[in-house]
Each structure stands twice: as C-alpha cells, then as structure tokens.
Amino acid sequence: MADRTESSTLPASNVLTSRVDATSARFEANMRFMADLVSQIHNEEEKIREGGGPKAIERQHAQGRLTARERINLLADPGSFFELGSYAAYGMYEEWGGAPAAGVITGLARIHTRLVMIIANDATVKAGAFFPMTSKKVIRAQNIAIENRIPTIYLVDSAGVFLPLQEDVFPDTDDFGRVFRNNAVMSAMGISQIAAIMGMCVAGGGYLPVMCDNVLMTDGSGLFLAGPALVQAAIGQKVSAEELGGATMHSAISGTIDFHEPNDEACIARIRSMVEKWGYRRQSPWDRKKPENPTLAAEEIYGIYDSSPGRPYDMKEILARIVDGSRFDEYKAEYGKTVLCGYARIGGFAVGIVANQKLHAHQTDHEGHKRIEFGGVIYTESAEKAARFIMDCNQNLIPLIFFHDVNGFMVGRDAEWSGIIKAGAKMVNAVSNSVVPKITVIVGGSFGAGHYAMCGKAYDPRFMFAWPTARYAVMSGDSAAGTLVEIKIKQLERSGKKLSDEEKKELYESVKRTYDEQTDPRYGAARLWIDKIIDPIETREAITQALEAAALNPDVAEFKVGVLQT
C-alpha cells in the first residue's frame, strides 16, 4: 500500500492563491466594518457572562457556593470551554428583568483531554429557574450530545420552573419534561451522564440528576420533590430542608446519591477524577490527519468579506484562509459556478465543502446561449452540481461543511424552463437524507429556499454557526419591506385612504427596521436558531471543535435518497 503522506511531494496544484490587495481602500473599509461588528459582539457577550450581576454573584458566594462559570473554569481543562448558546433569550423576558444566557450555561469542554458537554444552571439568574428558553437551551445541548455521542456533565443549581411562565415551560414536546426523557434516552444509548447537585434541585427538576449514571451532592444543597413550605401546606408536616432532602439524608438514608461532597471544589475534583477513569469507545470513520495551518492569514477575512450587494467578493479567498494548507480540490469547477463544491481538510479532518460563490459568472446554457449568473444565487446547474457532490460525500464518508451567503434560487421564465424546481428538489433531497455530519456556517445572507438547500436549521446540521454579518429570513429586508408596504398601501387604498409620499417612506422605513431586527443573527441566536455567533477569524477553530464532537459518534446509517426528480 502506498504511503499516505507521499502526496505531499506532488505538485501542489490544488493550493488556493490570493489576489487580494490588502492596501486597497475597499479592503480597509471592510476591515473596519467587520472589526466593529466583532467588537460589539464581544462586548455584549462579556455583559452576558455577568449573569444576574454583581449582587447576585455576592449572594451566591455568601452561601459558600461558586457561580456557574467559576465551576466550569475548575471543571474544564484550561482554555478548553467552547460555549454554545450564549445569546439564548437575548432581548427576551425584559418584563421579568431578563434572563442572560437563559439562566443556563452550555458548551463543549475537555476534562483530562476527553470531550464532554457541560450544562450548568446559573443560580445568579432568577435562582437558576427554568424560563421557556432555558428548557430549549438544555434540550439543544442534549440533542447535540445525542447526535454526537458526547458524555454530558450537569451542574445542577436551580429553583425549578419559572412559575409566571409555566404554561410555556411545562407541557410541550420541547419543554421541561423533554429534558428528563432525554436523560433516559441518552443513558440507554450508552452516553455517560454525571449530575452534581450544587444548590437547590426541587420539584420535577429533581428527576434530572437521578436519571443520570452518577449523582454527586454537596453539603447545603437540597434535593426534593416538594420543599418544606409545600410539604407543610400539603400534608401539615413540619420538616427542615436538610432533614427533608439534604446531602446527608440522601447519602445515608435514601441512598439516592453516589458521592457526598463537602463543597463545590471537592465535588468538581471528584467529577474530574471519575471522568479520567472512563474507557474509550469505538472511533468514528471520519478521516483525520495532522492539522496544517492555512498558508494565508485568517485576519485578512475581515477585509475580504463585503456585505454590499454591489461589490461581490470571491468565496475562495475566504476558504483559502480556513482550510488546511489552503488546499481545495474543486469539484466541477467550470460548471454551476455560483455554488462552490470541493474537497479539503479542516483541522486535519477530510471535509466536503458546499459554499455560495459571490462572484458573478459567465455561463453557457444547453442551447449555446451565454449569460451572466449573479453571485449568491443558486441556478439549475449549481443545484444539480451540489446535489451530486453531496451524494458523493455520503458515498465516501466525508463530512459536509456549508458556507452560506445565498440570496435564494433563480426565478423567472428561463429559470423555470431550465427545471430550477427539479434541480432544487434534488439538492434539498440530498441534504435531507445525508448521513454524514453536516456543519453550517452562515457568513452573510441566507434567504428563502436557499437557506434550506444549504442545510439550514430544519435540515439537522450537527452545529449551526454564524458570523456577525449573517442575515437570514424569507427574503432580504429591502425586498420584504417593499413587498409588505405595497400590500399595506393597497389595503389602505381599498378603505379609501391615500398615503402621501412621505407617509409611504415612513411606513417603508418602519417595516424595514422591524424586519432587519429579525434578520440579525442575535435575534436568531436568542431563539437558538444559531448555536454560536463566531468571530470570522475563529471559523476554522469552531468547525474543528464541531468535527471533533462528531468524531465521537461511530454510527453511520445507510445512505438512501428515495425518489429523485430527473
């Protein structure tokens, strides 16, 4: 068998080169624009990390307890915590004082180098109570753990359901009860779960730790289905919290917990000791070699990306600063040019890349007619190429990475005659039925059916990342505002009211402002449509983290696409 490293001695015909002028005014303007956006995100995240604020942190310390983030810092190997969902509930629940990060911190980390998912209640936010988005955030973290077979550590410190919003927390399939259902399913799948009770754990929430494989509990914590006040009200029995459900009782009498620890530090040390002794499961089939840095600087991405529709940029310039060695084997390079497809490595992992190309392209159709194809638009040829490439990656067990900057599918008579709907259906089918890991990065726009075909949230990407420049909705703010205003004007005219030009402009600006707010990535991240807003410079690191998580799951289903339109 040939040495797998011998290919490195062959001519590097697949190395992407750069034509970027880093001294141009346009490059510098793009740099400033992106740097400002990234700085804004970093500042907001820093505020979110304060949780309930200094006074709430002081109260937590006064009880002899660490905050959730202090616990995570002790638990995880230094610098290994990769937070997910930090923007959850951003701008929501303002009438209740807000719920930073939805009152729970989730993310990937390493403990003695082993990858785990951490889910930690933040007791500085409404005593760690579950808001509607809290449940959804915990469930999203569990679903990531299930899809990728990631061992999960729960740091429990919660007062239970936030009662004023109980109707939106309690009954549905993606509400509070789903958390415990997932505990049971994860255990049956062999996904290790450890729960550490480091504060209050009451009512239905008491089931979460007890349904895990191992349960730890610290002195001063409480685990009970009903607290002392409710017990007295229900059955007239007076009992202290410690006697009712303290660590000593559950350790010596009920036998509910496995480890009784004096404090947070000892509890966390015990978890690390337990994880360090775990065995290793079968590895996944995804190919990985030693990672190799790109030949071009990631910092230049700031100057390359251009959000202006009138100034297209080359997506290959972005990829050249993300993929290993800046090497990219482009698939069908001269066909369907508005979607880039090709093979590369990221963090050493072999990947297939599907990316929207923003440069306009010359194309010759089947009748020999030449036309200009607009960058960021999916044409019939682009969709057919992408569908075939996605199927190839599934055939050869290559994970898929999608980079979005898409306006949607081409419309009009020529597009319809060329079979754009059939071609789009093929692409959607291939994406829907893919069995290899899929990871999505929204770089810029992600509009309409283009969002779906490029593996939007509804198509089960293992992870969904977005740059601060991301925008996604049915259509862009300008298009939507124009359409909605026209409808509104006609409605008013039918009722006998005629708007002046100034009133029309005011209406347009109002509609556009609302629509733009909803297409902002923070709006989507608040609702967990996005797992993490990432600095473009950290794109390679984020994808590598996601691939390392996916590599924990060795199971690959049989690839089937069903009926394809031809």
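Reply: A nonpolar core is a set of buried Ala, Val, Leu, Ile, Met, Phe, Trp, Tyr and Cys residues joined through side-chain atoms within 4.5 Å. Keep in mind that this model is predicted. Its largest nonpolar core has 98 residues, and those with the most contacts inside it are I353, V354, F403 and F465.

Me: Which helix gives the largest share of this core?

Reply: That's helix α13, residues 380-395, which supplies seven residues. There's also a second, separate core of 23 residues, with I118, A120, M198 and V275 among them.

Me: What does F465 touch?

Reply: Leaving out residues up to four places away in sequence, F465 touches F82, L84, I439, T440, V441, I442, I530, K532, I534, A542, I543 and A546.

Me: Okay, zooming out: how many helices and strands are in the chain?

Reply: The chain has 20 helices and 20 strands. Its radius of gyration is 26 Å, close to the 24 Å that the globule rule gives for 566 residues, so the chain is as compact as a globular protein of that length. Of those 566 residues, 52% count as buried.

Me: Now salt bridges. How do I spot one?

Reply: Look for a side-chain nitrogen of Lys or Arg within 4 Å of a carboxyl oxygen of Asp or Glu. By this rule the count here comes to 31 salt bridges. Take R288 and E548: their closest N and O atoms are 3.1 Å apart.

Me: Is R288 buried or partly exposed?

Reply: Buried would mean under 20% relative accessible area. R288 has 37%, so R288 is partly exposed.

Me: Can you show me another bridge?

Reply: E292 and R327 meet through their side chains, 2.7 Å from N to O. E292 lies in the loop between α10 and α11, and R327 in the loop between α12 (315-319) and β9 (329-330), 35 residues apart. Salt bridges can also form a network, as R26, D306 and R311 do.

Me: Last one: which residues form a nonpolar patch on the surface?

Reply: Y207, M211 and L225 do, with about 290 Å² of accessible area together. M211 is in the loop between α6 (207-210) and β6 (214-218), and at 30% relative accessibility M211 counts as partly exposed.

Note on methods
Residues numbered from 1 in each chain as written. Predicted model: local features only at pLDDT ≥ 70, side-chain atom pairs only at ≥ 80, totals over all residues. Heavy atoms only, no water. Patch = residues over 30% accessible without salt bridge, like charges linked within 9 Å, V, L, I, M, F, W, Y side chains within 5 Å. Areas by Shrake-Rupley, 256 points an atom, 1.4 Å probe, with all protein chains shown as cover. Helix = DSSP H or I, 4+ residues; strand = E, 2+ residues; numbered from the N terminus. Buried < 20%, exposed > 50% of the residue type's maximum accessible area, 1.4 Å probe, protein only. Rg over C-alpha atoms; globule rule 2.2 N^0.38 Å. Contact = heavy atoms within 4.5 Å.
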